[in-house]
Amino acid sequence: MASLLVIDASSSLCSVAVWHEEKLFALTEEQPRRHAQRLLPMIDEALSDCGLTAAQLDGIAYGCGPGSFTGIRIAASVTQGIALALDLPVKGVSSLQAVAQAAFSASSANEVMAIMDAHMGEVFWGHFQRDGKLSRALVAEQVGSPDACISDMTNFNGILAGDGLQLPVFAELDAELAMLRPEARMMVPLVIDAWDKGIFTDAENQQPVYLRNSVAWKKLDEQPSLLKRI
């Protein structure tokens, strides 16, 4: 069985998970401005908890967005650095899909609209369907005004999830799952499925997803070094 590292910093949460010998080891911290300081120590701690070193990993996955621009860049930089240093394959996982995965785990619903606060008066959203124990995207993920998101709910019969529901414009909607945010541990089933299907690739082929065209991704050699302790 593969040993897989999963990291996410696409929201105010900073989270790490390791899947090793069919066991899950996971850490999550509320760190809205300290992802760069906490991510590597949390990776060290999670690997130590399961008796692994980075060199023993088979692959690495990360929350590739959409979400916090800075957090996504940090996670992508760390992921690419580890992957290049250790020659590991990589898989990016949608942050919205992770929210949907958490919603399916918390309910019996067959469809979820995951909604995340994109700030600047906008939200990210996506429609997902239950596929066994996994969430699967039904349409392309979107970014836009809350009104556009609400309009997209026409004929939608599933449940809503994600911190975007905390915005005042959604006050009249069911916000029971508004606390859900992307977490590495919720990405693990999706990562295992991707590994089993052989769809991990070289790091350069797993770029961040911002949805906003105005945000440019800096290549690894333009990023600050966060990898000295790996």
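By pocket I mean an open set of points on a 1 Å grid over the protein atoms alone, with protein on both sides within 12 Å along at least five of seven lines. The volume is the space filled by probe spheres set on those points, which are joined across faces, edges and corners, and the probe is 1.4 Å.

There are 21 lining residues, and Ser10, Ser11, Ser12, Ser68 and His119 sit closest to the centre; lining means an atom within 4 Å of a point. Which elements give two or more residues to that lining? They're α1 (35-49), α2 (69-86) and β6 (111-119), and β6 has the largest share, with four. Helices are DSSP runs of H or I, at least four residues, and strands are E runs of at least two, numbered from the N terminus.

A quick caveat: this is a predicted model, where local features need pLDDT of at least 70 and side-chain atom pairs need 80 or more, while totals for chains, interfaces and linings use all residues. Numbering starts from 1 along each chain as its sequence is written, and side-chain values use heavy atoms, leaving out hydrogens and water.

Now the sheet. It's open, with five strands ordered β3-β2-β1-β4-β5 and mixed pairing; strands pair if DSSP finds at least two bridges between them. β3 (23-30) and β5 (90-94) are at the edges with a single partner strand each, so one side of each has no neighbour in the sheet. β1 (residues 4-8) and β2 (residues 13-20) pair antiparallel over five bridges, and Ile7 stands opposite Val16 in β2.
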